[in-house]
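Hello,

Here is the structure I promised to pass on. Please open it first, then read the notes below.

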Amino acid sequence: MRRRLAAAAAAFAFACGPVAAAAAFDVAALMTLLHASHPARATFRETKYLRVLDQPVETTGELRFTPPDHLEKRSVGLNGETLVADKDMVTIERGGRTQALSLAQYPDIAVFVDSIRGTLAGDRALLEKAYRLSLKGTQARWTLTLVPRDEKLTRIVKRIVITGSQAEVRRVEIDQADGDHSVMAITPAAP
Amino acid sequence: MNTRAAAIVLWLGTLALCGAQIARTPFVADLSSFLPAHPTQEQRLLVEQLRHGTLSRVMMIGIDGADAAHRAAISRALAASLADDDRFAGVANGATGGFERERGLLFDHRYTLSPAVDADRFSVEGLRSAIGATLDLLRSSAGLMVKSLLTRDPTGETLALMDTLRPARSPHLEAGVWSSADGHRAVLLARTRASGADIDAQGEALAAVQDAFTQARAAAGAPAAGASLVVTGPGVFSVRARQMIEHDVVRLTTLSAGLVMLLLLAVYRSPRLLALGFVPVISGAVVGIAAVSAGFGTVHGITLGFGTTLIGEAVDYSIYLFVQSEGSGLRGGDWVARFWPTIRLGVLTSIAGFCALPASGLPGLAQLGVYSIAGLVAAAAVTRYVLPSLAPAHLRVRDLSAVGERIGALAVGQRALRVIAIVAMLTALGALAAHHATLWDRDLASLNPITAADRENDRELRQALGASDARVMVAVSAPGEQAALEAAERTQAALDPLVSRGAIAGYDSPARILPSEAMQRARALSLPDAATLRARLPRALAGMPLRASRLRPFVADVERARTTPPVTASDLEGTALALALDGLLMRAPDGTWTAMIGLHPPSGHALDAQSVRQALAQAKVPGALVLDVKSQLDALYGGYFRRALLASAAGLAVIVALLLASLRSLRRLARVIAPFAGGVVIAAGFHAYAGTALTLFHLVGLLLVAAIGSNYSLFFDRLAHRPEASAPRTIASLVLANATTVIGFGILALSSIPVLHAIGSTVAVGAFATLVIAAAFTPPRALHAEPAQGSAP
């Protein structure tokens, strides 16, 4: 948290240098890189493009991730909405009201949450449970595309495209089946 | 001979009548008999709630052991099988899914059900702010949920409605089902169809839960084998209490009768005398039960349990007859002339004591009193008028003079025994003084036979399920369903300021689930027509990224809502909403409807019922009663306690008056009263010393020490007053009679039912102490006097 995330990850990557450098940059290599990540903090700007609205709507806020499965999303405005995903539980607090739900009960929400958490934690098994993975680019600039395996899920989400550099996730793009889509740009927080 | 034959005929006839009465007597074992009979209107509602209301039908289920995943699997299977069970009105375990019908219903009627709907809501400004809030929500993480509803419900009524219906605090979730906060126990909440007072049905429901659990555990496979089940709730406790009562009654009666028989057999060494000795006991029990049955319509299991004391008490009369009349023969002797007046006075003082029980106002205690009075009178009468005729003319009773003499020499007037008695009394007084602050238990729960483990489980389950919140309720009654709902709405209006002020965290009202038809109509009337709404939308949406043309489905839905008939209770049938409503809106047998509004206390501190009362009074909600369950019950118990105290004091006064009228001597009165007064002090001190806080039942026990103990001191007073040659036999009979009484009550002390345990332990200690004190302070000359005649009482 206190160290620059990228620097830490890079240092680690160099430590395991020979192995990582010898192989081509594939999903396995990306996962190894991400898996070594430390608790991270970042700011985000999420833009939703909805067909029902004439203009996109935007939210900004802060993201915190503690491997392997604790993710917090605090939005500025929106009555200070905070979403915490911890293991199986998702808690949404807004305007003094708290709503908790178990991901076991909401599989469609679970795959969204797991796509982000799985990527941040470099948990390939978790990601591959719900998605087919494909990777393009280099370690310095990679693009991981998740396409749902389950037909039911494809009716909600077409694909999720995650872009990053080294062990940092920089952008999460979600294309929904109904044509709406959202883009979340992530900037690692200053130390 | 003729009078004797008449007595036997009368006796047999009475027994036959009593037998017929008993044959059609329902025996009950629920504890509501130990709830108040003549309470205030608040208390009546409260007791009605406790007996039949939602509160009484709650069953809380916990699954312990195994791991979270397997507990969750069992919880799901258990919930599924209870949901299909007709004995249950509903079951919840936190696993959502389904509820499509409920969601559909709320969505279809959102404009008449949503509390946010009024004329302002659909003004340009109202629309603007409501739609703005929905757009905000669209940006948030809940955006997915809102997106699909936006064009039909841009003001967000469906979500607002679901928000108001969602419990303020829902239980912790673990592996997708409700669990305790520490995650070690899966919890479920079920509600039975039958009222909590219907113990048979509650027993069946409990068995159904146990069966379903066993099946669910088996289905979950080997890793679930370690799982165990915990079930609590008012109905469950009634079932357990009944089992406990039935178990205790059989066990204690058998044990008590067996011990008394063994003792008498050892003393009499004659099975025939033993059998004769039990004739008054059995007659007394039969008459007692029949009297209760005739007076109350039902006989409580606890009354039967209390019957064991009658064995120890009623057998005394035949002991006096057999032991004291030795030598003169059972028939034609002078026992009646010499001893009957003393015994009659003893019976009268006992009756005076037991009369305090019916006067206490608790139907359960009243039964014990009526049973004891009728039983004692019958036993004494049978001993006096029937038993001598039944005994064979030449029946020999063993001479117990030698035994009596030895005991007399050891006890009567002995200095050492006096010292012991005085030390015991002083110790008892010391213990009473040391514990005087905590002497009396003012908690109604102490009268409840729930085991400590059950009580703890119940507390934990309530906490896990968040069920402990509804301690304070507002009840509004009205002649009809709609009137009750309207009253609930007025109550809500009075409560809303308290919610915003933070005096209460929130409330559950039936009118939230089902607003009155008047309210629904008023909301429908406040909706603008399609042309007006269409005209307002562009202005409301100015500057927003949403175009009015997208909201055509919204305009159509609002137009439809203006003419849709109101939702009625029957529309809700078969949904979770009906289940929730059923707990909050009730129809009494007399046709009165009552809406119960459960208040949630503000977090961190208790709810101030007084401020709620003030708010309701200011808002002039007619007929609204604030029920503060805990304080109301405490007040109730306090009322009973005072009443029992008064009844006991009156009983004591009657005993003293009876004694004074018969003895006509203050000195003799003092000699009779002192021993049982000492017995009362020692019995109370015994409890104080043992750290037992005294309840209403102990108080009654203390009065019985006086009532029963006076029998012994009367005989000793008689000996001191007019010494006679048969004194050793009298003493032997007293020791034997006291032993049977101590056995009868002492065995009652083994019961786990508070009323039986309290009275049993108190009377056993007090009766024994009374006998010892009476013997110790009787002058030794009472044993060695000239033969005397007379019938001094």
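**Notes on chain B**

Helices α6 (124–139) and α23 (552–561) of chain B are part of what covers the buried residues of α22(B). Bear in mind that this is a predicted model.

Which residues of α22(B) are buried? In this helix, residues 530–540, they are Leu533(B), Leu537(B) and Ala540(B). Viewed down the axis of α22(B), they fall within an arc of 75°, so they line one face of the helix.

Now the contact between the chains. Here 21 residues of chain B meet 21 residues of chain A. On the chain B side, α6 and α7 (143–147) each supply at least two residues. The largest share, four residues, comes from α6(B). By class, this side of chain B has nine nonpolar, seven polar and five charged residues.

Last, a helix pair. The axes of α10 (residues 234–268) and α30 (residues 727–748) of chain B come within 9 Å and cross at roughly 160°. Angles over 145 degrees count as roughly antiparallel, and α10(B) and α30(B) are therefore roughly antiparallel to each other. The crossing is right-handed. Residues making the contact include Leu252(B), Leu255(B) and Leu259(B) of α10(B), and Leu736(B), Ala739(B) and Ile743(B) of α30(B). The residues of this contact comprise eleven nonpolar, three polar and no charged.

Best wishes

Note on methods: Residues numbered from 1 in each chain as written. Chains lettered and ligands numbered in written order. Predicted model: local features only at pLDDT ≥ 70, side-chain atom pairs only at ≥ 80, totals over all residues. Buried ≥ 20, exposed ≤ 12 C-beta atoms within 10 Å, placed from the backbone. Arc of directions from axis to C-beta. Contact = placed C-beta atoms within 7 Å. Nonpolar A, V, L, I, M, F, W, Y, C, P; charged D, E, K, R; others polar. Axes fitted to C-alpha atoms, helices over the stretch in contact; angles between N-to-C directions. Parallel < 35°, antiparallel > 145°, perpendicular 65-115°, else oblique. Left-handed = near helix turned anticlockwise from the far one by under 90°.
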